[in-house]
Amino acid sequence: MIPAQFDYQAPATLEEAVSLLASDPDGAKILAGGHSLIPAMKLRLAQPQLLIDIGRIKSLAYIREEGDQILIGATTTHYQLESSDLLKRICPLLPECAKSIGDVQVRNKGTIGGSIAHSDPAGDWPAAVLALGADLVLVGPHGERTVKAEEFFVDLLTTALEPGEILREIRIKKPSGRFGHAYQKVPHPASGFAVVGIAVHLELNDDNSCKAAAIGVTGVSVKAYRAKGVENALAGTSLDTDAIAAAEKHVCDGVDPNSDLYASSDYRCQLARVYTRRALQAAKANVQ
Amino acid sequence: MKLDGTHQLEAARERVYQCLVDPEVLQRCIPGCERLEKTAENTFAATIRTGVGSIKGVFNGTARLEDLREPEHLRIVVDGKGTPGFLKGSGDLDLEQAENGTKITYAGDVQVGGTIASVGQRMIQGTAKMMATQFFTSLGAEAATQVGEPPPQHGFFRTALRWFSGWLKNIFRKQ
Amino acid sequence: MTNNYVGKRVKRTEDPRLIRGLAHYVDDVALPGTLHVSFVRSIYAHARITNVDTSAALAAPGVVAVYTGHDVAKIGAVPCASALPDLKVPDHRVLASDKVYFVGHPIAAVVATDRYAARDAVDLVMVDYEELPVVTDVEQAAAGGPVIHESFGDNIAYKLTTGEGDIDAAFAAADRTVKQRILHNRLAPIAMEPRGVLARYFPGEEELTMWSSTQIPHLMRTQVALMIGIPENKLRVITPEVGGGFGSKLNVYAEEALLGWISMQLGKPVKWIETRRENMLATIHGRGQVGDIEVAFKNDGTLTGLRYSVFADLGAYHQLLTPAIPTLTGLMLSGAYKIPAIQMNITGCFTNKMATDAYRGAGRPEATYVVERALDLVAAELGADPAEVRRKNFPAPSEFPFHTATGLDYDSGDYEAALNKAQEIAGYAQLREEQKQGRQEGRLMGIGVSTYVEICALGPSQAMPAGGWESATVRIEPTGKVTVLTGASPHGQGQETSFAQIAADELGVDINDITVIHGDTGVVQYGIGTFGSRATAVGGTAVFVAIQKLKEKAQKIAAHMLKADASRVSFEGGKYSLEAAAAASAATGTSEPVVPVGEAPAGALPEPQTEGKSSLTIQDIALAAHLAKELPPDTEPGLSATYFFEPKNFTFPFGTHIAVVEIDHETGDIKFLRYVAVDDCGRVINPMLVDGQVHGGIVQSIGQAMYEEVVYDEQGQLVTGTLMDYAVPRAKHIPNFELDRTETPSPVNPLGVKGVGEAGTIGATPAIVGAIVDALAPFGVRHLDMPIKPENVWRIINHG
């Protein structure tokens, strides 16, 4: 790769990273796993003046339980999430989503925080954190703030991160009660990105009816979103074939679906409907 | 690539039109416009530093206003070249008096070339839509001020976008 | 022949260095003081260049020179080796100076002290363009779209009609005819290693050495020498490891000549390594035809005539073989069938795109595809089984050599045997039954059959632009090590292994004693190169015959040393022996010492110990031949032989591929259930190499059938410019292959080898498309154009 010239800093702490970023909030970019930024730099579509490599801050990569929350450090790699026994046990959506990303090399280097902060319209993690109702902890020169995943994704490659802010942690309330998870995705044959990706967090009542469904959708619009229309249509139903069929129709409500060489907006919506159903069925089958 | 849509601005049609032909206002509304100098009647030399996310580029080129029919129609023609490739486009803007402001209907054609064309296929449409939204959102804020009043503050765009996305959500809830 | 190695699954001797990352590609060759080149390329598909301002680039740190089209006007045109009647050949300069014709067209070369500085300075070269109207669609180009090369007046590079038999009569007399418009998607070859060139000029010696990632080092040497005006024998071309070519490196590119010339200008080594984006933009593409296939046939399915009228999208310029590729399509339009009358009408057109040229199969996949699609259409028209329609039209094994109405004589074949074997492996009848039942249950299952023939071992020199032979030198060194120099220039196919197998068996030596050297014009005698599935059939034969020559000489020396008449000396297991004579001499003990007794001087070679022996290894003889102290009269010292093999005909491998797919109703997703291939590539030297070639070819066919397509927009912008957009199939897209073979030796060469490098890209595509179309038959579908993406399928299912 022959990128444009840039400076490189590998701070030892997050505080140092924040102050480096403050020195040039427009020209500096945070580098974590590099799987979004480096390809853009290679093509010289991104020409940052300074790369602040937070991938070497060991304390930023972790998966742990704290009270009723799961805390995930921003530089935790896809592979670490994919292979976490803790997550497989208490929040299987995350490992399932992780294993659908790219290939082994990508999963070994790419990070959850990088993916979320980049907010690629076809990235996998945004769908998962939306479905899990995650909180995103951002740290900047003025301290920390927490933003709900739903408010974090603003537009195409645009998030609630202000210049100078770094995504530090993903916080997820531990799923409880009777729940089922699924992530179902149509990968683009070339890029592996989601043509459509549907993340489902499903909660059931004791009578097996739907207590609540949270559905994160990626690939369909300029940013990942919650399919509220589907969620509302499912609430209280028995989740039988008819109920799911009636609900899946709403997955593209209110969005202007993407269209590209691989999938027109019509077809993309069709895939979103079919994969919403398949993901719901899988989530239902996964309920403990 | 075709690009079309409508935007609702809370300002009188005449005021919106004035803003659209005022280079200073245009410079503030065109996302990333660093320079907009008049080189001839209705023709401007422009430098635009723009992008989305970490993808950024600098384009130098011209912008021209054509087919001016105050206050209902004008056409903007832009042509720029930069390190990531080139960008060309033209769009017809129709302004209609609406209930509480002005409805702008735009229909245009955007063409990109070079690196951005060959690698950004899946995002070009989204980017164009986003730029259009940025432009019209800023224009709306500009037009909401009175002539002579100071222009709206910079950095307001993010807020506007959040507002816009909140507005989408509201629409969505209604369904 | 002892036959220890030939026919066995000998592991590739190339692989350890490749898989351990120890192989050397062009970019691994590091010379001190190397300068780096980066190219300014057009961002417009068609434009006049009004100004090129290099001043800012020249002032940039590290920049040594910037060359524009005017600076390099003395370099000769990029060559086109195709000779066709009335062919229009544009003046293809190494850098554009007045006009650019496609996105990626090189305009200036920036030379700097490192590749980063060179690339940075590219952005500082200011090019002013005046845009011109663009034509990217080949039919529009033919119909009078914007003219690309003004002096020609139109975009038609050539028109050609080929074929034999009375085509009009055939169609007039037919019971039925079918016609189908068929598109052959433009493909990017995507060799794993992009192109790369390193050039080093020694001004004192006036010698230029070029390392290039090419399939044709000798042809490149000749052409580049002519382009840049250096005596051919002062230019040495070396191909280090070449990371694949697929035909894309069967070419002479502007960048190659330029790098050589720049090194001569600056007296320094200069290097250019193509980026993947440049590889997509400015390395040749393949395929790119659109045309109508028409077949005439009787009610019983007998074919009587075939006509293919096609527009070939040549791109903006001719590369080495650009216009010739569609003519190869014309040659193979008889497929595996008896068709009395065949006509091909080609219109080759310029478009504002990168040139097309040879990509694995090179014109033959197009032929097989249209013929096989046509056979499926005939079957659909008659309500017959596609396999049976094929069987009905095969020539019988006794009809070979079989003359086609395209003017070829197929060497040997038993097409029905391959079909039968494939059907047996697939359980064809059962599959059809399963399909029938499945359809009742609403399953969309399809079975596709392709019975292909290809033309390989290119080829007789009469049919080739620059010689169709191949060369070999086989030399046994004083230490007994065997050196094989081949003019073929393999680049991943494994001939270092297969040629060693041939040599080891023929010489009766251990395979580890053999080294196969290729791809260095300073070391290897002139050769033609590796392409057209020719390396083993032509180059391997050259090795084989050279060894026979070498053995003739060795036999004479052996007889002399064994003091016997040559006719009584036999060769077996690497040894020359004369049982009777040996026994006699051992009994009497009267043999003379073979070398004078005395102290060996320092550095002397060990003397061959032949005294009292009844047999001598060929390696003993090599040493004796080298020492030259006991040679028969009038015998040249040394033990080596060179042979240039000129084949009398092409070879015609064949086979049957059967694909079975199932389609997801809701998404249009296509899943392979089975993939069976029975290929006949004549005699097999190494079954593992053959399997590997077939695997790779089928994968690329899957790519063409389902994923790959070079897309330019209407303005000539390349939309599929990275591997994030251009979908090369991944392992997960590939089914398990069930491979088998029949083995019908070729009479064209003494090895009986036919060639297999392109079989997969030729035989597989129609089977895959046939299977998908078959699955969609309930919707009235008879043909779909490639790449068949899930969305296309979904639209058919849901919208008719």
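Start by selecting C:Arg364, C:Pro365, C:Thr368, C:Tyr369, C:Glu372, C:Arg373 and C:Asp376, which belong to helix α10 of chain C and meet C:Thr761, C:Ile762, C:Gly763, C:Thr765, C:Pro766, C:Gly770 and C:Val773 of helix α19 in that chain. By class, this contact between α10(C) and α19(C) is made of 5 nonpolar, 5 polar and 4 charged residues. Please keep in mind throughout the tour that the model is a predicted one.

Now widen the selection to the whole of both helices, residues 364-382 for α10 and residues 759-775 for α19 in chain C, and look along them: they pack at an angle of about 35°, and their axes are 8 Å apart. The crossing in which α10(C) passes α19(C) is right-handed.

Next, turn to the place where chain C touches chain A, a contact that takes 18 residues from chain C and 14 residues from chain A. On the side of chain C, select α3 (115-122) and α20 (790-799), each of which supplies at least two residues. It is α3(C) that gives the largest share of this side, with 4 residues. If you colour the side of chain C that touches chain A by residue class, you will find 9 nonpolar, 2 polar and 7 charged residues.

The next stops concern the backbone. Most residues other than glycine have a negative phi, and most peptide bonds are trans.

In chain B, select B:Glu70 and B:Pro71, where the peptide bond from the one to the other is cis, with omega near 0°. B:Pro71 sits in the loop between β4 (55-69) and β5 (73-82) of chain B.

Then return to chain C and select C:Phe400 and C:Pro401, which are joined by a peptide bond that is cis, with omega near 0°. C:Pro401 is found in the loop that runs between α11 (386-393) and β16 (402-403) of chain C.

Still in chain C, select C:Glu206, which has a positive phi of about 55° although it is not a glycine. Its loop lies between β9 (196-202) and β10 (207-212) of chain C. Is C:Glu206 buried or exposed? C:Glu206 counts as exposed, because it has 11 C-beta neighbours inside 10 Å.

Finally, select C:Ser533, in the loop between β21 (514-517) and α15 (535-561) of chain C. C:Ser533 has a positive phi of about 45°, although it is not a glycine. With 32 other C-beta atoms within 10 Å, C:Ser533 is buried, whereas C:Glu206 counts as exposed.

Methods: Residues are numbered from 1 along each chain as its sequence is written. Chains are lettered from A and ligands numbered from 1 in the order in which they are written. This is a predicted model: local features need pLDDT of at least 70, side-chain atom pairs count only at pLDDT 80 or more; totals for chains, interfaces and linings use all residues. Axes are lines fitted to C-alpha atoms, for helices over the stretch in contact, and angles run from 0 to 180 degrees between N-to-C directions. A crossing is left-handed if the near helix is turned anticlockwise from the far one by less than a right angle, and right-handed if clockwise. Two residues are in contact if their C-beta atoms, placed from the backbone, lie within 7 Å. Ala, Val, Leu, Ile, Met, Phe, Trp, Tyr, Cys and Pro count as nonpolar, Asp, Glu, Lys and Arg as charged, and the others, Gly among them, as polar. A residue is buried if 20 or more other C-beta atoms lie within 10 Å of its own, exposed if 12 or fewer, and partly exposed in between; C-beta atoms are placed from the backbone.
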